[in-house]
Amino acid sequence: MTHNLFLFASIAGTPIAVRASEIEAVVRLGDIVPIQRVPDHVRGLAALRSRVLTVIDIESRIFGHSMPLAERPLAVVSDIAAHTYGLLVETVSDICEASSGIQPIQGRIDRYWAPFASALVERDGRSHLLVSLADFVTTPSGAAKAA
Amino acid sequence: MDEILAEFIAETLETLEVLSGEVVAWEADPADSSRLDAFFRFFHTVKGSCGFLNLPRFERLAHAAEDVLAAIRRGERSADPATVTAVLAVMDRIGELARNVGDGEAPSIPEAADDALLDALTDLPAPPAKAEAAPPQTTEAAEVEPDPLGGADANPSARGRERAPRTIRLPLALIDQLMNGISDMVLARNDLSRKMRDREADPELESSFERLSANVADLRDMISKTRMQRVDRLYAAIPRMVRDLSRDLGRKVTLELDGGDVEMDREMIEMVVDPLTHIVRNSLDHGIEPPAKRIADGKPEAGLLRIVARQSGNQIVIEIADDGRGINRTALVDKAVSNGLLNAAEAASLTDDQKLQLIFHPGLSTAAEVTAVSGRGVGMDVVRANIEQIGGVIGIESVTGTGTTIIMRVPLTLTIIPGLIVRSGGHYFAMPRGNVIELLHQNSSMVTIEEVGGARIATIRGEPYSLIDIEDVLGLTRGAMRGPRTLMVVRSSIGQPYVLGVEQVESNEELVIRPASPLVTAAGVFAGMTLPDNGQPMLLLDAAGIAQSASLPLRETKRGPLAGTAGQGAQRDETVQALVFAERDGIRRLIPLAIVDRVEDVVPSQVAISNGQAFVRIEGRLFPALNAGTGVDEPVKSLRLHAGRDALCYLISDVLDIIDVPSKLDVTLNAGRVAGLVMVDTDQLEMVDPFVLFAEAARQTGEAGRTIHCLIADADDAWLSGILAPLLSQAGHQVTIGAPGEGKPDVILCSGAAIPADAGDVPVLTLSDNADTASDSTVYRYDRERIIAKIAELAARRAA
């Protein structure tokens with residue numbers, strides 16, 4: 001069954017899990033064309049073959065400050081509300097099933113991660129925060145939902 | 001199972017859409033069995049499928065309707081309006097339930113409500129006895145081969161439907177994927193082409209590559225066509241709407257739909273549905289009069305609503321015409337005045353077209369009372385905004401008492417538009433070419449740029465525009481400049497055009513536009529994104545958004561009512577008519593036709609040269625003449641040029657032709673009387689600069705052609721005061737009779753009898769009643785031309 005299949009990755013050293021059903025591909029991006037007058041976490045546009053991705057810096061979205069981009073940054077490609085996004089992640093370790101399924105959060109999540117983490121997923125004895133990519137493409141105030 | 005259900009729902013909804021037009025036609029002609037068959041088939045199919053899919057509610061409804069239709073077929077019932085309404089209600093219910101199922105929702109209407117519908121179907125008055133004979137036969141006719149005479153009328157349409165082009169259903173997502181695949185292919189081709197350019201030329205490889213390129217281009221065109229749909233789809237809902245509305249409003253309407261086979265982009269059709277619906281509602285509610293009124297006005301009882309679609313270049317033109325009462329200009333203007341949009345003086349100076357354009361203003365509706373259908377004051381302004389949003393134009397023509405025609409012009413497709421690629425601060429952006437009126441270099445002589453209290457104004461050919469630089473709007477750093485910046489005169493859907501300064505306009509490309517994500521559009525200055533052939537993503541600038549974010553004064557102010565007209569004018573091809581003529585020395589030149597008032601024959605005696613300035617006498621008036629040279633000794637032609645108060649005669653040898661020329665000169669010269677060169681077929685002709693001509697003429701009239709003050713010394717001379725004075729006044733001179741008033745006269749006129757002694761240095765012209773006594777200071781009193789010329793000559797001599 002696919003609903004227990006997750007992508008395991010990390011952002012700023014924090015292990016995360018994303019439902020595989022949300023993901024279309026993981027790619028290394030080429031040139032990113034910056035966009036003016038948008039929030040910092042919207043890093044720009046990148047071409048993926050004939051498609052144009054809006055590149056979102058998840059780290060900047062969570063912590064409010066952006067890091068210089070890597071040479072060919074790693075991005076998770078996802079279709080959210082009819083638009084294609086590339087969400088930058090630090091590393092990607094694997095796509096596999098989590099045998100123990102989705103667990104409730106234990107302990108207190110810090111204020112940066114709290115709006116995004118909904119549960120825990122365990123892999124190889126290590127807990128990953130379960131996040132939904134759609135949460136990263138809404139505007140930070142949360143007022144205007146990405147339609 | 002799910003798949004079968006989804007297919008059933010989709011098919012049911014689609015058939016319903018097609019049938020809604022048919023049902024109205026059926027009502028109009030209940031005996032038309034081919035239509036009845038279509039409905040019968042529909043209900044029959046629904047009934048059959050429902051049993052199979054276990055949808056008992058659908059089955060019950062369809063079954064009841066089928067029974068009724070079967071009864072009509074057998075002639076046991078007649079297709080009266082009540083029956084048709086009941087059958088329609090059942091169709092609507094089935095449609096609604098199907099949508100519920102399609103959306104995976106619980107039915108929005110309780111099942112018990114179906115009983116009322118079924119009762120309406122069955123509790124109907126007894127059929128008229130007569131209905132028994134005819135229908136069964138016609139029913140038969142649809143099933144047997146049509147005989148060449150009788151059945152030919154009804155059957156071709158029924159058969160036409162069955163023989164419609166073979167089609168299959170495809171999910172839209174698949175077509176989009178296909179489109180993306182083709183785009184990938186184009187990019188790969190471009191990449192390959194770049195790599196090939198870096199290598200040594202290989203003709204064989206190149207010819208193969210050319211063939212591949214051509215195939216890819218064809219494929220791309222074909223895939224674009226899969227996005228196209230027939231306008232029929234746009235029309236599908238209209239007959240039903242017109243029927244329902246005209247019933248609610250008590251109107252009688254004949255609907256004509258034409259051009260349903262024209263194709264336009266699927267998305268575009270969706271964008272046009274709402275505006276079209278609105279216009280049709282307006283026509284029925286405000287345009288077409290109630291039947292009694294129409295009869296009283298001598299019109300046919302049923303109004304005519306005609307909707308025509310046609311393709312014109314890369315635009316689709318949709319015309320909605322009614323023969324109703326037309327738009328009440330007075331009511332519109334009154335409303336505009338009472339809303340404070342215009343003051344009374346402005347209102348009085350509006351042209352008829354400008355008055356009509358008021359209908360596109362927010363909050364102006366001519367409906368005296370608000371009805372459920374329209375007249376709530378949200379109307380044509382929203383329609384116009386919607387049409388302009390998709391790059392279209394809307395126009396209106398209306399004749400009071402005769403009808404209104406609304407013309408929508410929309411681009412064929414939303415997704416591929418011609419665009420200009422601009423560069424600024426190291427970034428590239430695309431601007432839809434439709435938004436750009438003109439491109440100029442900043443250092444062009446036609447442009448002056450000034451800064452007043454922080455506001456920058458670019459004045460182009462005397463017209464001031466707000467000037468903004470794209471770097472300021474987007475917060476970019478300016479790149480090091482090489483050469484002059486480029487100014488784009490940009491038109492947006494809101495308000496006045498403005499000038500956008502960019503570093504450089506790089507190229508002109510057909511761009512495939514995709515919607516940008518909400519995060520990007522939230523910036524307010526981007527309308528979409530595109531991937532040009534170089535593979536670098538690019539943002540499409542939003543002309544209106546840029547104006548708004550720069551807080552330009554764009555709110556439609558006093559020029560508001562005119563803005564719509566201006567926009568339309570600019571859509572037309574920019575050509576002007578020009579007159580081709582031969583100068584007196586034989587050279588062919590052009591002059592704008594608009595300023596030529598008349599072409600006249602001039603004989604040498606009409607031309608007078610006084611003090612080096614030439615004048616032509618025409619109908620008792622003197623006009624400054626150009627090109628008279630040292631005089632005219634043979635008949636010539638004169639172009640009488642007119643511009644407001646000023647008029648002049650331009651003497652030429654002959655008029656040759658009238659042609660259309662671009663309003664922009666091919667080469668601008670600004671050398672003397674020549675404004676520039678225009679290419680006409682194989683030659684280039686000089687365009688005469690009217691400005692220079694009038695300036696020259698103004699110098700002449702300033703010296704000699706000004707008002708001449710004539711004094712008629714002898715007030716008692718009945719001929720002078722009664723006959724000559726009116727003639728002189730008519731020629732534009734000031735005439736004083738008796739004592740000189742204020743200031744000295746330029747000429748004193750007298751009859752031969754009494755030459756005033758106190759003339760001093762004022763020239764005296766004596767009018768003699770003897771034709772033989774003419775001399776330098778004496779003129780025969782009935783030689784009108786000579787009198788006028790002599791007065792001008794004397795006054796000019798005195799002024800000099």
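Student: In which sense do S2(A) and strand S11 (residues 126-131) of chain A pair, and over how many bridges?
Tutor: S2(A) and S11(A) run parallel and pair over 3 bridges, where two strands pair if DSSP finds at least two bridges between them. Within S11(A), Leu130(A) is the bridge partner of Ala17(A). Bear in mind that this is a predicted model, in which local features need pLDDT of at least 70 and side-chain atom pairs count only at pLDDT 80 or more, while totals for chains, interfaces and linings use all residues. Residues are numbered from 1 along each chain as its sequence is written, and chains are lettered from A and ligands numbered from 1 in the order in which they are written.

Student: And what does S2(A) form with S1(A)?
Tutor: The two strands form a hairpin with 2 residues between them, and Ala12(A) in the turn has a positive phi of about 45°. Strand S1 (residues 5-11) and strand S2 (residues 14-19) of chain A are antiparallel over 6 bridges, and Ile11(A) has Thr14(A) of S2(A) as its bridge partner. The element names follow DSSP runs numbered from the N terminus (helices are H or I, at least four residues; strands are E, at least two).

Student: Switching to chain B, what is the strand order in the open sheet of 5 strands?
Tutor: The order is S2-S4-S5-S7-S6 (chain B), and the pairing is mixed. Strand S2 (253-258) and strand S6 (393-399) of chain B each have a single partner strand, so they stand at the edges with one side left without a neighbour in the sheet. From one strand to the next, the twist averages 10°.

Student: Which strand does S2(B) pair with?
Tutor: Its partner is strand S4 (residues 303-312) of chain B, in the parallel sense and over 6 bridges. Thr254(B) has Leu304(B) in S4(B) as its bridge partner.

Student: Which strands does helix H12 of chain B touch?
Tutor: Helix H12 (residues 266-287) packs on the sheet and touches S2, S4, strand S5 (315-322) and strand S7 (403-411) of chain B, its direction making about 15° with that of S5(B). Axes here are lines fitted to C-alpha atoms, for helices over the stretch in contact, and angles run from 0 to 180 degrees between N-to-C directions. Helix H17 (residues 380-389) of chain B also packs on the sheet, touching S6 and S7 of chain B, with a direction about 140° from that of S6(B).

Student: At what angle do the axes of H11(B) and H12(B) cross?
Tutor: The axes of helix H11 (residues 238-249) of chain B and H12(B) cross at roughly 30° and come within 10 Å. That makes the two helices roughly parallel (under 35 degrees; over 145 is roughly antiparallel, 65 to 115 roughly perpendicular, and the rest oblique). H11(B) brings residues including Ile238(B), Met241(B) and Leu245(B) to the contact, and H12(B) brings residues including Val280(B), Arg281(B) and Leu284(B).

Student: What about H3(B) and H4(B), at what angle do they pack?
Tutor: Helix H3 (residues 56-74) and helix H4 (residues 81-103) of chain B pack at about 160°, with their axes 10 Å apart, which makes H3(B) roughly antiparallel to H4(B). Among the residues that make this contact are Phe58(B), Leu61(B) and Val68(B) of H3(B), together with Val87(B), Ile94(B) and Leu97(B) of H4(B).

Student: How many residues of chain B are in contact with chain A?
Tutor: There are 21 in chain B, in contact with 22 residues of chain A, contact meaning that C-beta atoms, placed from the backbone, lie within 7 Å. Helix H8 (172-198) and helix H19 (518-521) of chain B are the elements that give two or more residues to this side, and H8(B) gives the most, with 4 residues.

Student: And what ipTM does the predictor give the complex?
Tutor: The complex gets an ipTM of 0.88 and a pTM of 0.48. Chain B averages a pLDDT of 77, and 84% of the residues score at least 70, on a scale of the predictor's confidence in each residue from 0 to 100.

Student: Where in chain B is the pLDDT below 50?
Tutor: One such stretch is residues 126-163 of chain B, which has 40 contacts in the model beyond near neighbours in sequence. Over residues 368-378 of chain B the pLDDT also stays under 50, and the model has 19 contacts for them beyond four places in sequence. Where pLDDT is low, the predicted coordinates should not be read in detail.

Notes:
Two residues are in contact if their C-beta atoms, placed from the backbone, lie within 7 Å.
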